[in-house]
Amino acid sequence: GLPALPPPVLAPRRKTRKIKVGKVEVGGDAPISVQSMTTTLTSDINATLQQIAELTATGCDIVRVAVPSQDDADALPAIAKKSQIPVIADIHFQPKYVFAAIEAGCAAVRVNPGNIRAFDDQVKEIAAAATDHGTSIRIGVNAGSLDKRLLAKYGKATPEALVESALWEASLFEEHGFRDFKISVKHNDPVVMVRAYELLSDACDYPLHLGVTEAGPAFQGTIKSAVAFGSLLSRGIGDTIRVSLSAPPVEEVKVGIKILESLNLRPRHLEIVSCPSCGRAQVDVYKLADEVTAGLEGLEVPLRVAVMGCVVNGPGEAREADLGVASGNGKGQIFVKGEVIKTVKESEIVETLIEEAMRIADELGPE
Ligand code: SF4
């Protein structure tokens, strides 16, 4: 038969240059990557590698570690060597750690033009060292640490100010023939952030790293990031993303992946189609949906599982999904690919769905 068409996206991707962050390509036609940042002391090599392993297992593509001290810089060679995913060293204030990170074998270095003032004179050497080692750079502008000159010029961290700071820094690298960088212009306000990335996307073709900075605790941060990234990604803007949450970094990765999956920018894995419940529900839908979600967590195959509270919309949705249940009268009709395969007692719904999901997963085999 004909090969399956790729799922539709809302807009074609904007064309950007492609760079490499270690083994991961960013920009151009490369898949949009998901990043996070460790919360351990970077100098604690074992704890940091342990967290990186958890992030890797969750699907993180690229990880960033903070390098505020010499002890942290000293830990970089071991971390860069043992991490399974590319490591980016996050450097503020101290240009000497930029060189240390490059020599340590980090895949990339993030510099903040707002707080590396001494840095402008050293761009030439940094560009040369980065070129020698195949290291890329992220020019990471942040509203909270905007270059003082631009703060004075614009009064506050406006979208224009963020973009001007980034492009100024970019021009310093360009002067030395260095172009292997991506850019971020983060702000905690999704509206300012979106505007800044729109301007940046119009002004250059460097790959863009999306982020809403200090987005807040998980609930608020997830929404702010989803809204802001969704606005940009749905118009083809953005090459790599980092969700910032005041929550464990694996949560950031899960949210990032879900945002990409929602926009068909990454193949969907497990998707629970569950109803919000209403006065017609004859089963505790929330509990059922939570139990099914928990039971299927980590399943690596694309699977839509419908969990429906009653027989009004239930059978219809359950039929559209790969697998589903429509509940009623203390029972659950279990559907597989549109066919009712059995009716089970309410108490057996969860285990039956999990069993069937595992069977379908086995049939599909590894991706
Ligand atoms: Fe209500 Fe049934 Fe729809 Fe769930 S599937 S929201 S219970 S009508």
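Modeller: Gladly! The largest cavity here has a volume of about 30 Å³. This is a predicted model, where local features need pLDDT of at least 70, side-chain atom pairs count only at pLDDT 80 or more, and totals for chains, interfaces and linings use all residues. Residues are numbered from 1 along each chain as its sequence is written, and side-chain values use heavy atoms, with hydrogens and water left out.

Colleague: What is a cavity, and which residues line the largest cavity?

Modeller: Rolling a probe the size of a water molecule over the atoms shows where empty space is left. A cavity is a set of points, on a 1 Å grid over the protein atoms alone, where a 1.4 Å probe fits but cannot get out; lining residues have an atom within 4 Å of a point. The volume is the space filled by probe spheres set on the points, which are joined across faces, edges and corners. Here the lining consists of Val9, Leu10, Ala11, Leu233, Ser234, Leu263 and Leu265.

Colleague: How many disulfides are there?

Modeller: A disulfide is a pair of cysteine sulfur atoms within 2.5 Å, and the count here is 0. For cysteine 60, the closest cysteine sulfur belongs to cysteine 106, 15 Å away, so that is too far for a bond.

Colleague: Is cysteine 60 buried or exposed?

Modeller: Buried means under 20% relative accessible area, exposed over 50%, and partly exposed in between (1.4 Å probe, protein chains only). Cysteine 60 is buried, at 3% relative accessibility, and cysteine 275 is buried at 17%.

How values were computed:
On a 1 Å grid over the protein atoms alone, a cavity is a set of points where a 1.4 Å probe fits but cannot get out, and a pocket is an open set with protein on both sides within 12 Å along at least five of seven lines; lining residues have an atom within 4 Å of a point.
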